[in-house]
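Subject: Structure handover

Hello,

Here is the structure you asked to look at. Please open it alongside this message, and the notes below will take you through what was found.

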Amino acid sequence: MLAGYARPAAHPRTTTAAPGGPVSAISDARAAQSATDKTRTALRICPLCEATCGLTLTIEGTRVTGARGDQDDVFSKGFICPKGASFGELDADPDRLRTPLVRKDGRLQEASWDEAFDVIAERLRPIVEAHGPDALGIMLGNPNVHTMAGGLYPRLLISPLRIRKVFSASTLDQMPKHVSSGLLFGDPFAIPVPDLDHTDHLLLIGANPLESNGSLCTAADFPGKLKELKKRGGTLTVVDPRRTRTARMATRHLAVRPGSDGLLLGALAYTLFEEGIVELGDLGAYVAGVDQVREALGQFTPEAVADACDIPAEEIRTVARELAGAQTAAVYGRIGASTVEFGTLTSWLVDVLNVLTGNLDRPGGALFPLSATDKAPRPAAPGKGFALGRWKSRVSGHPEAKGELPAAALAEEIDTPGDDRIRAVFTIAANPVLSAPDGNRLDQALESLDFMVSVDPYLNETSRHADVVLPPPPPAQSAHFDFAFNALAVRNQVRYTRAAVPLEEGLLQESEILSRLILAATGMHGMPAETVDRMVIESTLGKAVADPLQQVHGRDPKELAEELTGDSTVEQRLDMMLRLGPYGDGFGAHPEGLTLARLLAHPHGIDLGPLQPRIPQLLRTRSGKVELLPEPIAEHLPRLAAAMDRTHDGLVLIGRRHLRSNNSWMHNVRTLAGGSNRCTLQMHPDDARRLGLTDGEQARVKGDGGEIEVPVEITDTVRTGVVSLPHGWGHDRPGTRMSVAHASPGANYNQLLDGTRLDVLSGTAVQNGVPVQVAPVSTT
């Protein structure tokens, strides 16, 4: 056992191997350098989706020739999906950039790293000095949370430059969950996940984990966990307009009308109150506002919402009774219920149901993970709470949420004249021309910038506009630690893999790229890249020793810094985070606690045990309780109630996930192309007959933001009145270097959106339940 870990309660933790012993070099690039002419294996955590599966790579020389699941991985236990199996092809993609690009005479041309950073330092500072920090914008893409450097450095660029025009994939995806969690718990990162291994009843809404592998719920082999749930006699209820692969596994499938998810959940909560089956259990002492929620949901009767949801009232009551009657249960909502008009209210109601059934913070219910790099637990006490709208966007007055503005507002913040318009943009692992609404407008806006820097391995639809492109190395050449996803995992664990092969000559690690970018942009150009890490280490340890609740209180921060181990300052930062974290050794306070050296001695990871109740310590609301009806939620509930009376003529559009894809950034892998991974407009046979469309025929789809042409796929897996199109396609713009994607470009879903439809509370673009018109191309 790994003794000495600081926990909010005394729960023992087990590991699959005894601690201690020499530091393993199994996945160390140094081992690769001595075996470049041999076939060997190396371990790597897969960075291609949120499941974070352990891989065993087969390597010939310095080339990855195969990937299989790591049978000894403490978390994934050998599970692998098609994306992980394609790791070698993605790693060796010939279209990946191998050298920086700098725009000269209007064209992007290869340049040295020094030249690229010289250009950044030379071009950026005059813009900041002339126009101030409001002239800067930054867009962070989804792949940032899939790399170690992406989790460590972007905020170090944003803060010193005082950038408030921050945009990210969050407002195209999960921001409603951050906002609802912030309002409920006082911390936007306190996101409960379903205890998949122990629950008796799982209600999934807007989620298709058999295709997505799970999201905001890190679970390797999600399909296997659902099978085990069914095998042990559990109930799986799936709410989705499509009969997805996940829905086909369900005990009960509710083909809800898109966008009405919040109404359905409100009616479930109403039924719990109406039938007297609310039971908070041990959670009751930590919850405020139950009576206020009862009153606020008084209009949401099953009969009142039935027509809007297209779910019979009695079936809604049955689901509520089953949820309340289960020994344990968990409600889990994802992107289909998040990227809708009432995404934040829907996300809030997910956890309201978990609270009202006594399943929040309870084994078998929805629990809060505790990652190895989280802050060490502190005594329960009120916090500062969570605030929305601390500033607003310049053009449309959108309030910020979690320090970000809506990604849908990026184009207007660039192309609308004014003293504070965005003149320079950083994009880091982002392709908003395809992933944000109205890519055509953003395409033109980016072209008008004074300066743009992209950190991206590809010349894609967005980075082609940059003045400087900085390409990170292939994943096999990088170390990996999951900062974001360990904090969302269904079991507490910790894993780290060093680079599987040596860094290719002429490339820089992503950590060095981002460090040098920070230095060039903040007036420290020319200083060693390690300067950034050393400043973070000094600052973090200085705060830790001044904190009476830290185990290192009163110690010398310089002496602590000298104790840090690792082959780089990046690893030293990781060592520091592990040692200060909830399982850490506290710099010697707990000799058996977690350190980088101990983690390296366990190349397949360390199991830290099942999720445990811990809500008293994590609450940061001003009341020190779960605030079940926060004021912003109460203010907007009447808008949700008014949606009951809407008419439902015409077609609405929803997205869909593919197992062989991930948004816009995996369409250049040949082995993942084809099969089900196709850009087609799925449509029910009845709708196709009514519109005169046949399978495979080109249809013209019109929305608020424009129109696209796409082949029709007729299927009864999508309900009537709904059409479904995958997100992330549209690789037909000139000037990119993605040959596989360009050969099968597909159509851009987001070009149907103009960016005006947003979830008001979170600023998230409405991408599901969007009205569209569909007709054969031949008749339009």
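Predicted model: local features only at pLDDT ≥ 70, side-chain atom pairs only at ≥ 80, totals over all residues.

A residue counts as buried when its relative accessible area is under 20%, and as exposed when that value is over 50%.

Helix H16

H16 covers residues 343-356, which makes 14 residues. From its first C-alpha to its last it reaches 20 Å, close to the 20 Å expected at 1.5 Å a residue. Of the 14 residues of H16, 14 are buried, so the helix is largely enclosed by the rest of the structure. After the helix comes Gly358, with a positive phi near 75 degrees.

Nonpolar cores

In general, nonpolar side chains of soluble globular proteins tend to be buried together. Here the largest nonpolar core has 64 residues. Those with the most contacts inside it are Phe185, Leu263, Phe300, Leu356, Ile615 and Leu628. A second, separate core has 57 residues, including Ala135, Leu140, Leu161 and Val532. To go back to Leu628: not counting residues up to four places away in sequence, it touches several residues, among them Trp348, Val352, Val355 and Leu356. Leu184 and Val287 are also touched by Leu628.

The four-stranded sheet

Which order do the strands of the open sheet of four strands have? The order is S11-S10-S9-S13, and the pairing is parallel. Strand S11 (252-254) and strand S13 (330-333) stand at the edges; each has a single partner strand, so one side of each is left without a neighbour in the sheet. From one strand to the next, the twist averages 15 degrees.

Inside this sheet, strand S9 (residues 201-205) and strand S10 (residues 235-239) pair in the parallel sense over five bridges. Leu204 stands opposite Val238 in S10. Two helices lie across strands of the sheet. Helix H9 (residues 222-231) lies across S9, S10 and S13, and runs at about 125 degrees to S10. Helix H14 (residues 313-325) lies across S9, S11 and S13, and runs at about 135 degrees to S11.

A hairpin

Strand S2 (residues 54-60) pairs with S3 in the antiparallel sense, over six bridges. Leu55 stands opposite Gly69 in S3. The two strands S2 and S3 form a hairpin with two residues between them. In the turn, Gly61 has a positive phi of about 65 degrees.

Lys77 lies in the loop between strand S3 (63-69) and helix H2 (82-85). Lys77 is not a glycine, yet its phi is positive, about 50 degrees. Is Lys77 buried or exposed? Its relative accessibility is 56%, so Lys77 counts as exposed.

Lys402 also has a positive phi without being a glycine, at about 55 degrees. Its place is in the loop between strand S14 (366-367) and helix H17 (410-415). With a relative accessibility of 15%, Lys402 counts as buried.

Asp173 lies in the loop between strand S7 (166-168) and helix H7 (175-185). Asp173 has 11% relative accessibility and therefore counts as buried. Its side chain makes a polar contact with the side chain of Arg334, at 2.3 Å. Leaving aside neighbours within four places in sequence, Asp173 is in contact with Arg334, Ile335, Ser338, Thr339, Arg657 and Thr764.

Regards

Technical notes. Residues numbered from 1 in each chain as written. Heavy atoms only, no water. Buried < 20%, exposed > 50% of the residue type's maximum accessible area, 1.4 Å probe, protein only. Expected span 1.5 Å × (residues − 1). Polar contact = N/O pair within 3.5 Å; in protein donor to acceptor, adjacent residues only side chain to side chain. Contact = heavy atoms within 4.5 Å. Core = buried A, V, L, I, M, F, W, Y, C linked by side-chain atoms within 4.5 Å. Pairing = 2+ DSSP bridges. Axes fitted to C-alpha atoms, helices over the stretch in contact; angles between N-to-C directions.
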